[in-house]
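Please prepare a short briefing on the structure shown below.

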Amino acid sequence: MTERMVVGAVREHIGDRANAAHYLGEHTIVERNGQPFAALVPYTWWERRQNRKGQGALAP
């Protein structure tokens, strides 16, 4: 499931959205002025995308 939230709502619910990303695999699209601005995604999803591009994972 993908949730869409405005920046202010994300500020108020960042913990809930981070948990939803990690435990439920949910993505959150952050909107500003009615337009997509950023995304909160599960780390494992992001890591797979990095590896697919040949960039590897982040260094420790």
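Tyr43 counts as partly exposed because its relative accessibility is 43%, where buried means under 20% relative accessible area, exposed over 50%, and partly exposed in between (1.4 Å probe, protein chains only). This is a predicted model, in which local features need pLDDT of at least 70 and side-chain atom pairs count only at pLDDT 80 or more, while totals for chains, interfaces and linings use all residues. Residues are numbered from 1 along each chain as its sequence is written, and side-chain values use heavy atoms, with hydrogens and water left out.

**Aromatic and charged side chains**

- Trp46, at 27% relative accessibility, also counts as partly exposed.
- The count of aromatic pairs comes to 1, where rings of Phe, Tyr and Trp (its six-membered ring) pair if their centres lie within 6.5 Å.
- Tyr43 and Trp46 form this aromatic pair, with 5.6 Å centre to centre and 35° between the planes, and it is tilted; planes under 30 degrees apart count as stacked, over 60 as edge-to-face and the rest as tilted.
- Because Tyr43 and Trp46 are 3 residues apart in helix α2 (residues 43-52), about one helical turn separates them.
- Arg32 lies over the face of Phe37, at 4.2 Å from the ring centre; the criterion is NZ of Lys or CZ of Arg within 6 Å of the ring centre and within 35 degrees of the ring normal.

**Fold and sheet**

- The chain has 2 helices and 3 strands, arranged from the N terminus on as β-α-β-β-α; helices (H or I, at least four residues) and strands (E, at least two) are DSSP runs, numbered from the N terminus.
- The 3 strands form an open sheet in the order β1-β2-β3 with mixed pairing, two strands being paired if DSSP finds at least two bridges between them.
- The edge strands, each pairing on one side only, are β1 (2-6) and β3 (35-40).
- Neighbouring strands of this sheet are turned by 30° against each other on average, direction ignored; axes are lines fitted to C-alpha atoms, for helices over the stretch in contact, and angles run from 0 to 180 degrees between N-to-C directions.
- Between β1 and β2 (residues 27-32) the pairing is parallel, over 5 bridges, and Val30 in β2 is the bridge partner of Met5.
- Helix α1 (residues 7-24) lies across β1, β2 and β3 and runs at about 140° to β1.

**Chain totals**

- Buried residues make up 22% of the 60 residues in the chain.

Notes. Contact means heavy atoms within 4.5 Å.
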